[in-house]
Amino acid sequence: MNKLNLDHDKINEARNLAENITGPVLRYVDYHSTVSIERTVLRLFGVQGYGTHLPLVNEIVDTLDKPKLARGIAYWFCLGLFHHPKLSVQELAQAVAEKKIRLGELAEAPRDKVELIAKNLAHQALKKIKDRANKRAQLKSKFRSNIQGPLKYIIIATGNIHEDVVNAKASAEMGADIIAVIRSTAQSLLDFVPEGATTEGFGGTFATQKNFQIMREALNDSTHKLKRYIGLTNYSSGLCMPEIAAMGALEGLDYLLNDSMYGILFRDINMKRTFTDQYFSRQICAAADITIMTGEDNYLTTAESFHYWFQVLSSQLLNESFAKRAGMREHQLALGHAFEMDPDFEDNIAHEIAQAQLVRELFPHSPIKFMPPTKHKTGDIFSANLYDGLFNLAGAMTGQSIQLLGMMTEAIHNPYLMDRFVGLKNANYIFKGASALADEVEFKPNGKIVRRARQMLDQALILLKKVEKLGLMQSIEQGLFAHMERAKEGGKGLEGVFQKDRSYFNPFFEKKKEHARGNEAEDLRRLAQEEKERRN
């Protein structure tokens, strides 16, 4: 794989800079939580369904003012279970939403007893997530995915989950390996997650736990029928990032779009909210063995690729650092890059190959996600199909892992089944015909491709040094990524961020520490016994 003969001292320096940049951000995260994180705790405890006008998890969290919420919803909810031991989780949730029980007015109880209840619920949730991941792993082991060339990734976006299922199954039969269900327009800006199956999305289908379940079951059927595992992708981003990660973990999703800065830059979501939510969402993905897909490809829609591609590389290094600090492993990190250089630019294909090869060599153990050209497509379907073919060739030549297939009708309409058929036919031809090129082709030691790759690494180092000096949040304020300037105290969702009290408690964070100590099994047996005795 080493064709660029990169300077490993520079690579190590870039990773060290990324660590220096993400460290201060995560120290902020350590002292803060968000309403979405607290709602996620309730979802993992098993709270589901609507209250009077919003999901129960929203209504329960909203009953507490910030000083009380600073202790963590786990404390208050489990204090409710302590005082009402005959109620189930769901029954207590309903009673709180109907204001029959007011969590914030309950009498104090021995702290260790309340934490015991929370830890037991957290143990049950993590066990459920791990059981789901193990079943998925068994299915993947039995029905291996396509191994000739990159995995073929197809997007569907009808807005109706039942129509999505028809499109997804048809795409799988035509050769797709991964199905991405595009989320309804602007769902990322909702501070709640809709419930149930939905049929009226805009430009996509709402991400709900029921929709996840419906699509996963449909793709399991396709997996058995085709004897080839079909992966499922959705979006863990926006104001409900950790809640959606929890839903994906519970329903056996394979991939989630989850980026460190996409929501800040392109949805104007407050950066403090995003970084805090992101850390917890990635902890959940780590536990569920979900692979995240990052969104650097989007940077090239606002920053010209030839001159500013190094921003993509810099962001990939930051995303890697954030992910590893949250407990994710390299195989769970599908870094995003894209084939977006202006096709009229001289030697643009050689430059694209250089960038794709650079990403592949810098992250050799990660399943890189390669995005197709969209920015410069004009509605000319013939040139679009050729453009997609060259993108597929670049993916085959550089050993990419996941290739989102381009559509010849990009910039015209949402893809029809026939459009996907053409896209898959294009990819099948290239991936089969060029499968040997990744091993056969070498690059001139000081040719254009090698020099372009080294130039991008050097420029990324310059940017990372600047970001280290300024701090990541200040760098985003100055528009150093994707040319988008976002204020530290601005954007959507800042009101949902709060500082933790000294007594803040989240059993899922605590659970991670127990894992580190290696005493989990013994602790859990003791907790289960104590809880059984308490209920009797």
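**Group meeting: a walk through the fold**

Okay, let's start with contacts, meaning heavy atoms within 4.5 Å: among those in the chain with a separation of 6 or more, 77% are between residues 24 or more positions apart. Before I go on, this is a predicted model, where local features need pLDDT of at least 70 and side-chain atom pairs count only at pLDDT 80 or more, while totals for chains, interfaces and linings use all residues. Residues are numbered from 1 along each chain as its sequence is written, and side-chain values use heavy atoms, with hydrogens and water left out.

So, overall dimensions. For 536 residues, a compact globule would have a radius of gyration near 24 Å, and the chain has 24 Å, which agrees; that's taken over C-alpha atoms, and the globule rule is 2.2 Å times the number of residues to the power 0.38. The C-alpha trace spans about 75 × 55 × 40 Å along its principal axes. Of the 536 residues, 59% count as buried, that is, under 20% relative accessible area with a 1.4 Å probe, protein chains only.

On to secondary structure: we've got 22 helices and 11 strands, as DSSP runs numbered from the N terminus, with helices being H or I of at least four residues and strands E of at least two.

Now the sheet. Nine strands make an open, parallel sheet, ordered S7-S6-S5-S4-S3-S2-S10-S9-S8, where pairing takes at least two DSSP bridges between two strands. At the edges sit S7 (333-334) and S8 (336-338), each pairing on one side only. S8 runs parallel to S9 (residues 369-371), with three bridges joining them, and His 337 stands opposite Phe 370 in S9.

Which strands does helix H9 lie across? H9, residues 209-226, lies across S2 (151-156), S3 (178-181) and S4 (231-235). Next, helix H16, residues 381-397: at 1.5 Å a residue, its 17 residues should span 24 Å, and the end C-alpha atoms are 24 Å apart, so that agrees. The expected span there is 1.5 Å times one less than the number of residues. Its buried residues include Tyr 387, Asp 388, Phe 391 and Met 397. Their cover includes helix H15 (348-362), S9, strand S10 (402-404), helix H17 (417-433) and helix H18 (437-440).

Last stop, Asn 58, in helix H3 (residues 56-62). Is Asn 58 buried or exposed? Asn 58 is buried, with a relative accessible area of 3%. Leaving aside neighbours within four places in sequence, Asn 58 is in contact with Arg 39, Asp 191 and Phe 192.

Note on methods. Axes are lines fitted to C-alpha atoms, for helices over the stretch in contact, and angles run from 0 to 180 degrees between N-to-C directions. Buried means under 20% relative accessible area, exposed over 50%, partly exposed in between (1.4 Å probe, protein chains only).
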